[in-house]
Amino acid sequence: MTQAYVLSFTKDVSVDFPAPDQVVIQTLDRRSTLKGLTPGLVRAITILSSQGASEDELSRQVAETDGESALARFYYYLSIFSKRCMIRYGISCNGKPMATLSPISAHFQFNPGSLDPESKYTLSRFSYLHRENEDPVLESPLSHGKITLHGWMGAAIAAELAGAKTLGSLCDLLKEIPRDAIELFLGMLLAAGFLIEAKPEDPYHGETRTLAQWDFHDLLFHARSRLGRHANRFGGTYRFIGKIDPLPAVKPASSGQTLDLYKPDMEKLEQEDYPFTLVLEHRKSIREYAERPITDRQLGEFLYRTARVKELIKHDVQDVSRRSYPGGGAIYELEIYVNVNACESISPGFYHYCPKNHGLEPLCGPTEATAALFKDAVRSTGLELTPQVLFTIASRFQRLSWKYESMAYNTMLKNVGVLYQTMYLVATAMDLAPCAIGGGNSDLFAEAAALDYYAETSVGEFLLGSKRM
Ligand SMILES: Cc1cc2nc3c(=O)[nH]c(=O)nc-3n(C[C@H](O)[C@H](O)[C@H](O)COP(=O)(O)O)c2cc1C
């Protein structure tokens with residue numbers, strides 16, 4: 001192969017030359033001054049900060065300018081640049097850039113080996129192509145790098161690799177692309193974790209047994225919503241401040257008409273309630289109910305103890321609140337919808353819980369869609385009869401994503417778990433029958449509640465009823 005990877009600094013690296021033998025290198029988090037550099041080293045760094053060159057070409061330039069003895073220092077600097085994720089690797093074809101591999105994590109390494117001409121390779125099921133600004137970018141939760149594609153060639157090779165191919169068969173299929181470029185691109189895909197060797201007899205299709213048990217979307221979500229395997233902004237970045245107004249801390253009622261709910265005497269409960277350890281030890285999922293359904297008083301007490309707003313806190317940036325369960329950033333994006341089948345003194349129908357006024361806002365009577373929500377709950381829990389009350393927990397997603405970047409959805413799911421446990425404990429303390437549900441239909445819920453799926457829809461479900469004593 002005559003072609004080789006073109007090494008250059010990533011776009012986050014800028015270089016300045018304050019003196020003929022000095023270079024100042026600025027990255028996102030570090031500024032380094034290299035002093036006493038030989039002309040060949042300055043030349044190599046100049047090339048890395050502009051058009052780039054292959055490692056052989058860079059070392060040739062250093063050796064020609066400074067002599068062979070300067071090479072050790074050149075390779076030392078190159079290894080430091082690579083370790084600090086400052087180097088990207090490009091492939092050119094017919095004088096034009098075709099693909100660039102850039103590091104996205106501190107664990108990035110690029111050590112391409114040679115391809116076995118007999119082996120068949122296929123794109124990993126974790127690889128995906130998406131648009132970043134105006135570039136198509138190949139990414140994978142298995143990779144510590146990303147590959148920006150320039151022009152059609154990389155995308156054409158990737159598309160053909162949906163089926164297992166040898167290097168030779170790929171070259172036969174894509175005659176317009178020079179063999180060297182295809183070989184380099186395959187080597188890049190393989191070394192960066194986008195490609196696997198297809199082995200027909202392998203039960204895990206080129207993956208490990210551990211990896212085979214990951215869904216594509218789960219691993220991608222995990223990798224991108226935790227720190228480590230990406231270079232995206234992370235945490236409370238408030239990226240929409242000044243561009244989009246934050247949603248209010250409490251969702252405004254749409255009709256203004258609410259059904260007041262019973263408020264328990266909390267001081268009395270603090271004195272007379274079951275002890276905490278007894279509640280914790282006796283908590284369990286109960287999927288059968290007493291004949292007499294739950295009462296409006298019990299429903300009121302349950303919601304009051306579980307989810308009411310205790311305090312609204314006004315902030316210049318984003319209003320928050322205090323409730324009985326903890327919530328990421330005190331943002332409280334979760335809304336509770338109450339689907340009533342049987343509850344004393346409350347008509348069957350679909351309601352939204354107003355956590356500030358502690359009331360139920362009637363949305364509609366039983367409909368086909370609300371019946372379908374019950375049907376899904378029955379299917380998920382193996383119940384024989386329609387349960388008494390189904391809570392659907394919905395999320396006003398933008399409450400969280402207005403503040404948090406990369407971790408908003410992840411935080412929300414944790415909040416759902418926190419609310420589930422609070423519901424379980426309160427139900428146990430009240431001698432009611434609770435059961436969480438792991439799956440529900442968010443499209444169906446958005447239809448039932450007449451909500452915009454992207455603004456607010458279901459992320460959890462919970463059943464409650466009267467307990468058989
Ligand atoms: C996140 C989550 C999802 C659950 N999903 C379901 C479900 O879909 N159907 C069901 O019958 N129980 C569901 N459960 C209840 C569990 O099956 C139950 O908690 C588990 O078997 C332990 O039993 P215990 O709650 O009685 O201690 C879920 C519980 C949690 C926390």
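In strand S18, glycine 359 is the bridge partner of aspartate 260. I begin with this pair, and then widen the view to the sheet around it.

Please note that this is a predicted model, in which local features need pLDDT of at least 70 and side-chain atom pairs count only at pLDDT 80 or more, while totals for chains, interfaces and linings use all residues. Residues are numbered from 1 along each chain as its sequence is written, and side-chain values use heavy atoms, with hydrogens and water left out.

Strand S13 and strand S18 (residues 359-364) pair in the antiparallel sense over two bridges. Strands pair if DSSP finds at least two bridges between them; strands themselves (E, at least two residues) and helices (H or I, at least four) are DSSP runs, numbered from the N terminus. The open sheet has seven strands, in the order S13-S18-S17-S16-S19-S22-S21, with antiparallel pairing. Which strands stand at the edges? They are S13 (259-260) and S21 (432-437), each with a single partner strand, so one side of each is left without a neighbour in the sheet.

I turn now to the helices. Two packed helices are described by the angle between their axes and the distance between the axes. Helix H1 (residues 39-48) and helix H3 (residues 71-83) pack at an angle of about 30°, with axes 10 Å apart. Axes are lines fitted to C-alpha atoms, for helices over the stretch in contact, and angles run from 0 to 180 degrees between N-to-C directions. H1 and H3 are therefore roughly parallel to each other, a term for angles under 35 degrees. Contact (heavy atoms within 4.5 Å) is made by Leu41, Ala44, Ile45 and Leu48 of H1 with Arg73, Phe74, Tyr77, Leu78 and Phe81 of H3.

In helix H4 (residues 153-160), the buried residues are Met153, Gly154, Ala156, Ile157 and Ala158. Buried means under 20% relative accessible area, exposed over 50%, and partly exposed in between, with a 1.4 Å probe and protein chains only. The buried residues of H4 pack against several elements, including strand S5 (87-93), strand S10 (145-149) and helix H6 (179-191).

Finally, two loop residues. Alanine 330 lies between strand S15 (320-322) and strand S16 (334-340); its phi is near 55°, a positive value in a residue other than glycine. Alanine 330 is partly exposed, with a relative accessible area of 23%. Serine 406, in the loop between strand S20 (404-405) and helix H14 (408-429), has a positive phi near 70°. Serine 406 is partly exposed, with a relative accessible area of 24%.

How values were computed:
Parallel < 35°, antiparallel > 145°, perpendicular 65-115°, else oblique.
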